[in-house]
Amino acid sequence: MRQIVTVFLLLTSTALMAGEAELLVYQVKEPGVDNYVSRILVNKRYLRLDEGGEPDAGYTIYDRQEKKIFNVDPLEKTVLEMNPPAFQPAPPADLDLEEQVTTDPDSPAVAGQQPVKIKLQANGETCRELVVIKDTLTGAVSAMKELYQALARLQYPAVGSPGYTENSCELSEYIYAPQRAFLHGLPLWDVMGGKQRMLVDFKDAFEVPDDTFAVPDDFERVTPSAWQ
């Protein structure tokens, strides 16, 4: 999944007067990879995903209006453009999705909200565990739901193809129920398999440069035929 969400980008090459955006910063740990930062910036039109915003580092933009994903690689000077299909598949009858929601009245509030523990399951297997808070950075949460749905639509055509193998949790998270990790609010802590994300910073009005959601005009556009 990180291979897909690690390479993308933006829609128009016209610089947008961004001004302010909602900011989320996660510390990410996963096996075999040095710890890294996942930064998410969201305004009404765009979502940007990067690893801190270094000048030569790649980043992803999701155009929430056009429902397109763009990956920019500054070193290669390319933009990979992905156009998710409109079709959203329903979970098959043999995929049983359940969730457990619990609260601890003694846990300290975060941003004035009581954290909620979420356990997401598929066919009796625990797929993902989260701690979330409600009614916080709702714009960013909505944008993440939209992005993960778009990614699921990109991957769905591969289901059933020769050599395709996914377990129940992978099918639920990446294909049939990509939004459910965000249905209860903003994730503070998120564990799936060996990957752990912890929210270390968030702001509802973070000042960003005007070109935050823009792509260079002189980069080569690449559109994989399978994703058109």
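Predicted model: local features only at pLDDT ≥ 70, side-chain atom pairs only at ≥ 80, totals over all residues.
User: What are the ground rules for the values?

Analyst: Local features need pLDDT of at least 70 and side-chain atom pairs count only at pLDDT 80 or more, while totals for chains, interfaces and linings use all residues. Residues are numbered from 1 along each chain as its sequence is written, and side-chain values use heavy atoms, without hydrogens and water.

User: Why is the link of cysteine 127 and cysteine 169 called a disulfide?

Analyst: A disulfide is a pair of cysteine sulfur atoms within 2.5 Å. The two sulfur atoms are 2.1 Å apart, so the pair meets the rule. The count by this rule is one disulfide.

User: What makes the link left-handed?

Analyst: The angle about the S-S bond is -80°.

User: Where in the chain are the two cysteines?

Analyst: Cysteine 127 is in strand β9 and cysteine 169 in helix α3 (residues 168-176), 42 residues apart. Helices (H or I, at least four residues) and strands (E, at least two) are DSSP runs, numbered from the N terminus. Both cysteines are buried, that is, under 20% relative accessible area with a 1.4 Å probe, protein chains only.

User: What makes a set of residues a nonpolar core?

Analyst: Its members are buried Ala, Val, Leu, Ile, Met, Phe, Trp, Tyr and Cys residues joined through side-chain atoms within 4.5 Å. The largest such core has 33 residues; Leu24, Tyr26, Ile40, Leu47, Ile69 and Leu186 touch the most other members. Helix α2 gives the most, nine residues. Apart from this core lies another, of 14 residues, including Leu23 and Val208.

Conventions: Buried < 20%, exposed > 50% of the residue type's maximum accessible area, 1.4 Å probe, protein only.
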